[in-house]
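Dear colleague,

I am passing on a structure that I have been going through, and I would be glad if you could look at it alongside my notes.

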Amino acid sequence: MGIVEGIVGRLSECMVIDSAACSRVRHKLSGCTKCTDICPANAIRITSAGGKVVVDWDRCTACGLCASVCPNRVFTLKLAD
């Protein structure tokens, strides 16, 4: 795949985050840190106030590792309209 195809492929997808599905958000005693541990850019954090999964999009490289390790499907790729 060439550079242009890779860019077009990335632009046709977007990441959807379902914070309510996160075990750390649902259960304060949950010790799951799979997404934050695997993120090579340290772009993911889970807030304590309000309980949300937050992605720093300026740091995110769109590698998809977070989606691949999350047992609760917090991160999903959707095709853009």
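Predicted model: local features only at pLDDT ≥ 70, side-chain atom pairs only at ≥ 80, totals over all residues.

Residues are numbered from 1 along each chain as its sequence is written, and side-chain values use heavy atoms, with hydrogens and water left out.

The search of the whole structure gave 2 cavities of 30 Å³ or more (a cavity being a set of points on a 1 Å grid over the protein atoms alone where a 1.4 Å probe fits but cannot get out, with lining residues having an atom within 4 Å of a point; a volume is the space filled by probe spheres set on the points, which are joined across faces, edges and corners). The largest holds about 130 Å³, and among its 18 lining residues Cys 39, Ile 44, Cys 60, Cys 63 and Cys 66 are the closest to its centre. The second largest cavity has a volume of about 90 Å³; its lining has 14 residues, with Cys 22, Cys 32, Cys 35, Cys 70 and Val 74 nearest its centre.

Ile 44 is buried, with a relative accessible area of 10% (buried means under 20%, with a 1.4 Å probe and protein chains only). Although Ile 44 and Cys 66 are 22 residues apart in sequence, their C-alpha atoms are 8.7 Å apart in space. Leaving aside residues up to four places away in sequence, Ile 44 touches residues including Cys 39, Val 54, Cys 66 and Phe 75 (contact means heavy atoms within 4.5 Å).

Best wishes

How values were computed
1 Å grid on protein atoms, 1.4 Å probe; cavity = no way out; pocket = protein on both sides within 12 Å on 5 of 7 lines; lining within 4 Å. Buried < 20%, exposed > 50% of the residue type's maximum accessible area, 1.4 Å probe, protein only.
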